Amino acid sequence: MYYYEDNSGLLLDIVILIGVLSLIIFIFNSIMRILLHVKRPKWFSNNYVNDIHEKYDKRLRLIAVIAYIGAGFYFIYTTISSSSDVTLYLFLLGMIFTGIQELFRAYMEWKYLEGKNDYLFTLSQVIFISTLVIVALRSGFFGLLG
């Protein structure tokens, strides 16, 4: 575990960790796009497969917001051992809802996009990022946080 008097070294380590993990994910996505012949979508755009996908995705997002608000009230009115526990629980809640949304996207791509490998790319992305997050959490962010 790192102990810094002013936390400036810890902040730099966290920025480097996020940068390295982002680079790993970018390289994985690039390789998978080439292997599966999947086009890159526009940055920060909602690429819905059809109207059904859009409707249910918006509902999933609404449920996620309600769950976050509910979790926030729960954590306010109950005793939690530390704020890092609250942060971890909210992070995991976000990961669960993101995973559900991406699995739903993969299902919609599989069902409605014929002859395309988009669903395989989405599934491989979910599996890879989930594995990366689990390894990072289990290793204390690769020794950074103990």
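1. Phe121 is buried, with a relative accessible area of 5%. Buried means under 20% relative accessible area, exposed means over 50%, and partly exposed lies in between (1.4 Å probe, protein chains only). Phe121 sits in helix α4. Helices (H or I, at least four residues) and strands (E, at least two) are DSSP runs, numbered from the N terminus.

2. A word on the model. This is a predicted model, in which local features need pLDDT of at least 70 and side-chain atom pairs count only at pLDDT 80 or more, while totals for chains, interfaces and linings use all residues. Residues are numbered from 1 along each chain as its sequence is written, and side-chain values use heavy atoms, with hydrogens and water left out.

3. Now the overall plan. The protein has 4 helices and 0 strands. Along the sequence the pattern reads α-α-α-α. Of its 146 residues, 26% count as buried. Contact means heavy atoms within 4.5 Å. Among contacts in the protein with a separation of 6 or more, 63% come from residues 24 or more positions apart.

4. Back to Phe121. Which residues does Phe121 contact, leaving aside neighbours within four places in sequence? They are Asn29, Met32, Arg33, Leu36 and Val38. Take Arg33: Phe121 and Arg33 are 88 residues apart in sequence, yet their C-alpha atoms are 7.0 Å apart in space.

5. Ser124 also lies in helix α4. Ser124 counts as buried because its relative accessibility is 14%. The side chain of Ser124 reaches the backbone oxygen of Phe121 at 2.8 Å. With neighbours within four places in sequence set aside, Ser124 is in contact with Phe28 and Met32.

6. Helix α4 as a whole. The expected span of a helix is 1.5 Å times one less than its number of residues. The 21 residues of α4 should therefore span 30 Å, and the end C-alpha atoms are 30 Å apart, which agrees. The buried residues in α4 are Phe121, Thr122, Ser124, Gln125, Val126, Leu132, Val133 and Ala136. Just after α4, Gly140 takes a positive phi of about 65°.

7. Another positive phi belongs to His37, near 55°, and this residue is not a glycine. His37 is placed in the loop between α1 and α2. Is His37 buried or exposed? His37 counts as exposed, at 69% relative accessibility.

8. Next, helix α2, residues 51-77. This helix has 27 residues and reaches 39 Å from its first C-alpha to its last, close to the 39 Å expected. At its start, a side-chain oxygen of Asn50 comes to within 3.2 Å of the backbone nitrogen of Ile52. The buried residues of α2 are His53, Asp57, Leu60, Ala64, Ala71 and Phe75.

9. Gln101 lies in helix α3 and counts as buried, at 16% relative accessibility. Not counting residues up to four places away in sequence, Gln101 touches Asp57, Leu60 and Arg61. Tyr68 lies in helix α2 and is partly exposed, with a relative accessible area of 35%. Leaving aside neighbours within four places in sequence, Tyr68 is in contact with Leu90, Leu93 and Gly94. The C-alpha atoms of Tyr68 and Gly94 are separated by 8.2 Å, though the two residues are 26 apart along the chain.

10. Last, the largest pocket. Its volume is about 1,600 Å³. Of the 43 residues that line the largest pocket, the closest to its centre are Arg33, Glu102, Arg105, Phe121 and Gln125. The elements giving two or more residues to this lining are α1 (8-36), α2, α3 (83-112) and α4 (118-138). Which helix gives the most to the lining? It is α4, with 10 residues.

11. How the pocket is defined. On a 1 Å grid over the protein atoms alone, a pocket is an open set of points where a 1.4 Å probe fits, with protein on both sides within 12 Å along at least five of seven lines; lining residues have an atom within 4 Å of a point. Grid points are joined across faces, edges and corners, and a volume is the space filled by probe spheres set on the points.

Note on methods:
Polar contact = N/O pair within 3.5 Å; in protein donor to acceptor, adjacent residues only side chain to side chain.
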